[in-house]
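Please look at the model first, then follow the text below.

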Amino acid sequence: MKKYSKKGLEKRKEERACLPEFFQKHIEIAKTKNCEECGEKLRGGTSEIAHILPKGYFKSVMCNDLNVLYLCGMYSKAQCHANFDNFPKEKVKQMKIFPKVQEVFLKIKEDITENLNYKLTERYE
C-alpha cells in the first residue's frame, strides 16, 4: 500500500471527498441492474461500480455520474469489472460495453482537467 505524508494524506482525502456519496448512490442503482457485459444479476457491492476513466488518474471526473459502468465484481465467475480494468486495450475494445465506453468518454472529455495525452485515454478512442 502506498504511504502518504500527512500533507499528502490530507490532499488525497480532500480529492476523494465525493466518493462515499457517489458509491452509495450507484450501489443503490446497481442493486436493480444486471452486469452490462455478461448479464449476471448484480448484488449492489462497490466492486460492481466500475469507473470508465480510472478514478486514480482522472480525479476531475471520478464522481461524474456518467463515468460509471455496472459490471459484475469480485463475487462473480465472469469478473467483468476486473477484466475491464486489467485487459489490454485491444481486448477492452472487443467487449460488448465498448461502444458505451466510447460514447461516455466523448461526453465527459471536456470535463477532464488532467493531461489527455495520458496513455489510458487511447483505450477509449
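## Rings, cysteines and core

Lys 91 sits over the face of Phe 87, 4.5 Å from the ring centre; such a placement requires NZ of Lys or CZ of Arg to be within 6 Å of the ring centre and within 35 degrees of the ring normal. The model is predicted: local features need pLDDT of at least 70 and side-chain atom pairs count only at pLDDT 80 or more, while totals for chains, interfaces and linings use all residues. Residues are numbered from 1 along each chain as its sequence is written, and side-chain values use heavy atoms, with hydrogens and water left out.

Rings of Phe, Tyr and Trp (its six-membered ring) pair if their centres lie within 6.5 Å, and the planes count as stacked under 30 degrees apart, edge-to-face over 60 and tilted otherwise. The count comes to one aromatic pair. Phe 22 and Phe 23 form this edge-to-face pair, with 5.6 Å from centre to centre and 80° between the planes. Both Phe 22 and Phe 23 are buried, where buried means under 20% relative accessible area, exposed over 50%, and partly exposed in between (1.4 Å probe, protein chains only).

A disulfide is a covalent bond between the sulfur atoms of two cysteines; here the criterion is a pair of cysteine sulfur atoms within 2.5 Å. One disulfide is counted. Cys 18 and Cys 63 form a disulfide, with their sulfur atoms 2.0 Å apart. The torsion about their S-S bond is about 80°, so the disulfide is right-handed. Cys 38 is in no disulfide, and its nearest cysteine sulfur, in Cys 35, is 3.7 Å away. For Cys 72, the closest cysteine sulfur is that of Cys 80 at 3.5 Å, which is too far for a bond.

| Residue | Relative accessible area | Class |
|---|---|---|
| Cys 18 | 33% | partly exposed |
| Cys 63 | 23% | partly exposed |
| Cys 38 | 38% | partly exposed |
| Cys 72 | 1% | buried |

A nonpolar core is a set of buried Ala, Val, Leu, Ile, Met, Phe, Trp, Tyr and Cys residues joined through side-chain atoms within 4.5 Å. The largest nonpolar core has 31 residues, of which Ile 49, Leu 53, Leu 69, Leu 71, Phe 84 and Val 101 touch the most other members. Leaving aside neighbours within four places in sequence, Leu 53 is in contact (heavy atoms within 4.5 Å) with residues including Phe 58, Val 61, Phe 105 and Tyr 124.
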